[in-house]
Amino acid sequence: MKIFRLMAIALVLIFVLGACSSEAGAEKEDTSAEAAAPAKGITLENAFYYTHVDGHKKETQIPAVVLFEYEQLKTVRYQVAYIACTCRGPEVNYWSVANVEINKSDLTIDHISYYEDSTEHYVAGMYGDSTESWDGTPVKELFDGFIQDNILGKSESYIDDYQPMHGNVDTYTGATVTPNNAMRMLQGLFEYHKEHYSND
């Protein structure tokens, strides 16, 4: 009889201890699962903020994303995705992709395009804004002229100090914020560039 009692007590102890150890194991599993769970959101190291302005002169800090970055002997090539215009619907406005080359020695814009890269072999950019404004102004043509006159070959200090881009909304075309936000994006890109590449 004593043997049966001892066996019964032993079985109860085995069940109790087994249950405790499985609970402890479950706690360990929960902890490790919690530790392995990914954080909410994605942290991007290849992004920067620029001051976007809309057609109502409202300024907002908006991120731009560096899609491609390649250091060459004299320049660094970038593909930068950013939003130029938020005033109109998505059927006429998308994110733009600027293909930009910054000269490492003097911090000037060696190349900028919303179509082909500097070799003219690859389509590395995308113009995401309207080609004409609501009143028929050919804003894409004006923007192309603005790039030639005010961006290509220009220095960081010139782009930072370009006053029409900081005062009245787009005094260049009078109809679109695209040139304005291109300059502001470039200001942010220069800051990004200086953080990643020494100019010594």
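View 1. The model is predicted: local features need pLDDT of at least 70, side-chain atom pairs count only at pLDDT 80 or more, and totals for chains, interfaces and linings use all residues. Residues are numbered from 1 along each chain as its sequence is written, and side-chain values use heavy atoms, without hydrogens and water. The axes of H2 (residues 139-150) and H4 (residues 178-196) come within 10 Å and cross at roughly 40°. Axes are lines fitted to C-alpha atoms, for helices over the stretch in contact; angles run from 0 to 180 degrees between N-to-C directions. Helices are DSSP runs of H or I, at least four residues, and strands are runs of E, at least two, numbered from the N terminus.

**View 2. H2 passes H4 in a right-handed crossing (near helix turned clockwise from the far one by less than a right angle).** Phe143, Phe146 and Asn150 of H2 meet Thr178, Pro179, Ala182 and Met183 of H4; contact means heavy atoms within 4.5 Å. By class, this contact has five nonpolar, two polar and no charged residues.

**View 3. Five strands form an open sheet in the order S1-S2-S3-S4-S5, with antiparallel pairing.** Two strands pair if DSSP finds at least two bridges between them. S1 (47-53) and S5 (109-113) are the edge strands, each pairing on one side only. From one strand to the next, the twist averages 30°. S3 (residues 75-83) and S4 (residues 95-103) pair over nine bridges. Asn99 in S4 is the bridge partner of Gln79. H4 packs on the sheet and touches S1, S2 (59-71), S3, S4 and S5. The direction of H4 makes about 155° with that of S1.

**View 4. Tyr114 and Phe143 form a tilted aromatic pair.** The structure holds nine aromatic pairs, with ring centres within 6.5 Å; planes under 30 degrees apart count as stacked, over 60 as edge-to-face and the rest as tilted. Here the ring centres are 5.3 Å apart and the planes are at 55°. Tyr114 lies in the loop between S5 and H2, and Phe143 in H2, so the pair ties together parts 29 residues apart in sequence.

Conventions. Nonpolar A, V, L, I, M, F, W, Y, C, P; charged D, E, K, R; others polar. Phe/Tyr/Trp six-rings, centres within 6.5 Å; stacked < 30°, edge-to-face > 60°.
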